[in-house]
Amino acid sequence: MITAANRIITSGHYIFEEIAHMKRKDPRAAEDIFDLGVGSPDQPPHSAIFDMLNRHVRTTVPQNHRYSPFDGAPEFRKAVASWYQRRFGVSVNPDGEVLPLIGSKEGIAKLMLAYVNPGDTVVIATPCYPAYLGAAKIVEADVVELPLRPGNHYLPDYADLPDSVWDKAKFLFLNYPNNPIGAAAELPVYKRALELARKHDFVVVSDLAYSELSLEPGTPTPSIMQIAGAKEFAVEFHSFSKSYNMAGWRLGWVVGNPDIIASMVKIKANMDFSQFMAIQRTGAEILDGPVDYAEAQRTMYRRRRDLFIEGFGQLGWKLTPPRAAMYIWDRAPKRYADAGVFAKEFFQKTGVIVSPGSAFGKHCNDFMRISMVIDETRIAHLFKKVRESGFKFD
């Protein structure tokens, strides 16, 4: 049998793959297992979005069912550019500064493939979306974690890393609103990152996937592209997955530096044919349309957040309400030094799956993430089962 490449041997398992395996092996009835581990929206897209897709799927325009252009549908790129202008007052050129993606996770991996050689340095602000760490391992990068700490409101302190690291870095990954934390950042965070990028010659990667899921009035959700000259040293990813309940549709985009976009097109041309044209054209309609379909998600996650905070609080586990996104991030109960141990025991005794913090960074072992991906009826059933289990949080 041939030997797998080093990139596979050293990459390890994706945490959510392990969660799915744990769930499959459990003998309990499905209604008594509560998967709060994976951030996969449980609700369907708005019915109007289905109507859009149906119309594009059934059109007689043959291009919808042929290979897509490598740089995506022109109308999708134009819709993204128009959305940036309306949403952030930012001008991006749809021809060269916008690229459709088969979900932002795919784009992040191909960005790494386009620029990172084995041993190159990638700085990732952690806790983070685990896909950053996974993609970096696949390309055999040297990952340096920039810790985000509660005492600094989970905002980066760039002085935590010496100039010698910044000199070697190819990318700095930032994600606000943040997965898994739900923290938000204002423009000065990006401005300082861009100053470092100019000084040390690296690229800032902004992941803006949760910009439409603010849960509190006044929560900042800016784009790095609002800063003058940002496109010289930055790219920004976005996704339809969470804001519009379209995770399985796999549609996202990246905007920014045209040279980087061109390199990603080259990688994609050798690996895929972009997203199905009917899905791209549906995405364009969503962005160009008058309806904010994300408003329903904001309302829903705000209500779910409050129910989770209240329910666990009544059981003796005090959690911090997130300002944005669809997750609750906090320390495991005090009697656990390792959130991984807590997660296993909690699941075994209650049927509730949460994600241990070790999946999100090296310094996160005592934290865990709850994904708010069950409805209010299921939340009530969850707390009933937890109470019946007698599980102690203190």
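Glutamate 195 is partly exposed, at 37% relative accessibility. The term covers values between buried (under 20% relative accessible area) and exposed (over 50%), with a 1.4 Å probe and protein chains only. Arginine 192 is also partly exposed, with a relative accessible area of 38%. The two side chains form a salt bridge, 3.5 Å from N to O. Here a salt bridge is a side-chain nitrogen of Lys or Arg within 4 Å of a carboxyl oxygen of Asp or Glu. Both residues sit in helix α8 (residues 187-200), 3 residues apart, so about one helical turn separates them.

This is a predicted model: local features need pLDDT of at least 70, side-chain atom pairs need pLDDT 80 or more, and totals for chains, interfaces and linings use all residues. Residues are numbered from 1 along each chain as its sequence is written, and side-chain values use heavy atoms, with hydrogens and water left out.

## Salt bridges across the sequence

How many salt bridges does the rule give? The count is 25. One of them joins the side chains of glutamate 285 and arginine 55, at 2.3 Å from N to O. Glutamate 285 belongs to helix α10 (residues 277-288) and arginine 55 to helix α3 (residues 47-57), so the pair ties together parts 230 residues apart in sequence. Helices are DSSP runs of H or I with at least four residues; strands are runs of E with at least two; both are numbered from the N terminus. Glutamate 285 is partly exposed at 27% relative accessibility. Arginine 55 is partly exposed at 44%.

Aspartate 366 and arginine 331 also meet through their side chains in a salt bridge, 3.5 Å from N to O. Aspartate 366 is in the loop between β11 (355-356) and β12 (367-371), while arginine 331 is in strand β9 (residues 327-331), so this pair links parts 35 residues apart in sequence. Relative accessibility is 26% for aspartate 366, which counts as partly exposed. Arginine 331, at 43%, is partly exposed too.

## The open sheet

Seven strands make an open sheet with mixed pairing, in the order β2-β8-β7-β6-β5-β3-β4. Two strands pair if DSSP finds at least two bridges between them. Which strands stand at the edges? They are β2 (98-101) and β4 (142-147). Each has a single partner strand, so one side of each lacks a neighbour in the sheet. The twist averages 20° from one strand to the next.

Strands β2 and β8 (residues 252-256) run antiparallel and are joined by 4 bridges. Proline 100 has tryptophan 253 in β8 as its bridge partner. Helix α4 (residues 74-88) lies across β2, β7 (234-239) and β8, at about 65° to β8. Axes are lines fitted to C-alpha atoms, for helices over the stretch in contact; angles run from 0 to 180 degrees between N-to-C directions.

## Helices α5 and α6

The axes of α5 (residues 104-115) and α6 (residues 130-138) come within 9 Å and cross at roughly 35°. Their crossing is right-handed, meaning that the near helix is turned clockwise from the far one by less than a right angle. Lys105, Ile108, Ala109 and Met112 in α5 meet Ala131, Tyr132, Ala135 and Ala136 in α6. Contact means heavy atoms within 4.5 Å. By class, this contact has 7 nonpolar, no polar and 1 charged residues. Ala, Val, Leu, Ile, Met, Phe, Trp, Tyr, Cys and Pro count as nonpolar; Asp, Glu, Lys and Arg as charged; the others, Gly among them, as polar.
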